[in-house]
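Please read the following points alongside the model and its sequence.

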Amino acid sequence: MNRRRPTFLAALTLTATAALTLSACGSDDKASGENDKIAGADTGSSSPSASPTESATQQAGRPTIELPSDLSYTFEWPKTGDKEKDAVLADSEQSIKAVDLAIVNQDALDKAYLYYYEGEAAAGTQKFIQNYVDQKAGITGSYRFYAPEVAVDEDGTASFTYCEDQGEAYVKYLETNKVRKTEVTAKSYVVYHTSLKKNSEGVWEIQKIASQSGSAKCQP
């Protein structure tokens, strides 16, 4: 996707005859704009964590993100105590969930994720979501995000690196409701690198995103 995750994303592999598969299940790494599996939308089944998103989601104008109960998210992103860094963490969490919401809605132009993605990242994410739509596929399972590293510059830009555990995340085919479960391998752990910029409304938008599956940094 654009990303979700930083820009060389761990991604879905789609071919004319092959089944839809998550990057965590062994797909090749992609360059920016060819996003990898991105998880993302608010869900009542989210696991409790010290994530700094509550105040962000309460701000006027932000999209409401509600996901089905078969999706859950754990964000091991504790607050840093720095206002801008915590805002980057909060907006990044919502951006992840917003992409998954687009997949659930089967809408590659869903307004929620476009609120958080801009330029190259938005274009890549649109293609990523469209792959699911074309295959009539959704997502199910649980996602865990951890090992955050965020840096904010005085010019209103930021960089954010984090890991994703896709070991219990799966593709679900909507016409049959069949879930394609896969074994957990090194490729189930993905590192993301994102570049963000704060817009005039104070939202940290993702400009670029890249990911790499099987990263040593993210292995358990």
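1. Phe-145 is buried, its relative accessible area being 0%, where buried stands for under 20% relative accessible area, exposed for over 50% and partly exposed for what lies in between (1.4 Å probe, protein chains only). Phe-75 is likewise buried, with a relative accessible area of 1%. The ring centres of Phe-75 and Phe-145 are 4.8 Å apart and the planes stand at 10°, so this pair is stacked; the term pair applies to rings of Phe, Tyr and Trp (its six-membered ring) whose centres lie within 6.5 Å, with planes under 30 degrees apart counted as stacked, over 60 as edge-to-face and the rest as tilted. Phe-75 belongs to strand β1 and Phe-145 to strand β2, so that the pair links distant parts of the chain, 70 residues apart; helices (H or I, at least four residues) and strands (E, at least two) are DSSP runs, numbered from the N terminus.

2. The model is a predicted one, in which local features need pLDDT of at least 70 and side-chain atom pairs count only at pLDDT 80 or more, while totals for chains, interfaces and linings use all residues. Residues are numbered from 1 along each chain as its sequence is written, and side-chain values use heavy atoms, with hydrogens and water left out.

3. A search of the whole structure gives 13 aromatic pairs. In one of them, Tyr-73 and Tyr-143 have ring centres 5.4 Å apart and planes at 10°, so the two are stacked. Tyr-73 counts as buried at 1% relative accessibility, and Tyr-143 is buried with a relative accessible area of 2%. One aromatic cluster is formed by Tyr-73, Phe-75, Trp-77, Tyr-143, Phe-145, Phe-160, Tyr-162 and Tyr-192.

4. Which ring does Arg-144 lie over? The residue lies over the face of Tyr-146, at 4.0 Å from the ring centre, the criterion for a charge over a ring being that NZ of Lys or CZ of Arg is within 6 Å of the ring centre and within 35 degrees of the ring normal. Arg-144 counts as partly exposed, at 25% relative accessibility.

5. Seven salt bridges are found when the whole structure is searched, a salt bridge being a side-chain nitrogen of Lys or Arg within 4 Å of a carboxyl oxygen of Asp or Glu. One of them joins the side chains of Asp-165 and Arg-144 (3.7 Å, N to O). Asp-165 lies in strand β3 and Arg-144 in strand β2 (residues 137–152), so the pair ties together parts that are 21 residues apart in sequence. Asp-165 is buried, with a relative accessible area of 16%.

6. Glu-149 and Lys-217 also form a salt bridge, with their closest N and O atoms 2.7 Å apart. This pair links distant parts of the chain, since Glu-149 is in strand β2 and Lys-217 in the segment after β6, 68 residues apart. Both residues are partly exposed, with a relative accessible area of 46% for Glu-149 and 38% for Lys-217. Salt bridges that share partners join Glu-76, Arg-144 and Asp-165 into one network.

7. Within helix α2 (residues 83–105), Glu-93 and Lys-97 are four residues apart and hence separated by about one helical turn. Their side chains meet in a salt bridge (3.1 Å, N to O), and both Glu-93 and Lys-97 are buried.

8. How many disulfides does a search of the whole structure find? There is one, formed by Cys-163 and Cys-218 with their sulfur atoms 2.0 Å apart, where a disulfide is a pair of cysteine sulfur atoms within 2.5 Å. Cys-163 lies in strand β3 (residues 157–173) and Cys-218 in the segment after β6 (204–213), so the pair ties together parts that are 55 residues apart in sequence. The link of Cys-163 and Cys-218 is left-handed, with -75° about the S-S bond, and both cysteines are buried.
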